[in-house]
Amino acid sequence: MNPSACSRGRRPCPLSAGPVAAVADPGPRSSTAATTVAHHRHWARQVASAVITLLIVSCANFAPPPEVSPALIANARPDHVDAEQLQNGHRLFVSRCLECHTLPPVTKYSRDEWPYLVSRMSNRANLSASDQSAIIAYLRAAALTRH
């Protein structure tokens, strides 16, 4: 290509029209640079794999809370709780507790730990005393269930 044709503005000058002054050819990459790039790519793949694995595992641990069943009603007998109160506790647990955080597995805490945890969070969830009692009754009975 004629360099003067480019300078007259008839058509754009291609990048290969000629050498550019004061720009040195970097030549081939050094093995150190190639190793560094490969190391960063390997590290990024490992981090991405770890994040994906953690997401899959954490999602697998979120089983829905158990529905009120004959077994759950039997678990509530020592607390003198009926099926209606358990149903109400289940409904409140799923709806009200989920407003602030994900639902923990009902077996995460013991029967004796749930009352303290629910009472500690009841102000934030704006739970009445009867709502709190229903949730505690449900969780105490559900804590004994095995999925």
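Trainee: Phe 93, buried or exposed?
Mentor: This is a predicted model. In it, Phe 93 has a relative accessible area of 1%, and the cut-off for buried is under 20%, so Phe 93 is buried.

Trainee: How many aromatic pairs are there?
Mentor: Three. One of them is Phe 93 with Trp 114: the ring centres are 6.4 Å apart and the planes sit at 80 degrees, so that pair is edge-to-face.

Trainee: Where in the chain are those two?
Mentor: Phe 93 is in helix α4 (residues 83–96) and Trp 114 is in helix α5 (residues 114–125). They are 21 residues apart, and the pair links distant parts of the chain.

Trainee: And Trp 114, buried or exposed?
Mentor: Buried, at 4% relative accessibility.

Trainee: What about the rings of Phe 93 and Tyr 138?
Mentor: Their centres are 6.0 Å apart with the planes at 40 degrees, so this pair is tilted. Tyr 138 belongs to helix α6 (residues 129–142) and Phe 93 to helix α4, so the pair ties together parts 45 residues apart in sequence. Both Phe 93 and Tyr 138 are buried.

Trainee: Which residues do the ring pairs link into a cluster?
Mentor: Phe 93, Tyr 109, Trp 114 and Tyr 138.

Trainee: Changing topic. Which residues make the nonpolar surface patch?
Mentor: Trp 43, Val 47 and Val 51, with about 290 Å² in the patch.

Trainee: Where is Val 51 found?
Mentor: In helix α2, residues 31–60. Val 51 has 44% relative accessibility, so it counts as partly exposed.

Key. Residues are numbered from 1 along each chain as its sequence is written. This is a predicted model: local features need pLDDT of at least 70, side-chain atom pairs count only at pLDDT 80 or more; totals for chains, interfaces and linings use all residues. Side-chain values use heavy atoms; hydrogens and water are left out. Rings of Phe, Tyr and Trp (its six-membered ring) pair if their centres lie within 6.5 Å; planes under 30 degrees apart count as stacked, over 60 as edge-to-face and the rest as tilted. Helices (H or I, at least four residues) and strands (E, at least two) are DSSP runs, numbered from the N terminus. Buried means under 20% relative accessible area, exposed over 50%, partly exposed in between (1.4 Å probe, protein chains only). Patches are made of residues with over 30% relative accessible area and no salt bridge: like charges are joined within 9 Å, nonpolar side chains (Val, Leu, Ile, Met, Phe, Trp, Tyr) within 5 Å. Accessible areas come from the Shrake-Rupley method with a 1.4 Å probe; for residues, only the protein chains shown count as cover. A salt bridge is a side-chain nitrogen of Lys or Arg within 4 Å of a carboxyl oxygen of Asp or Glu.
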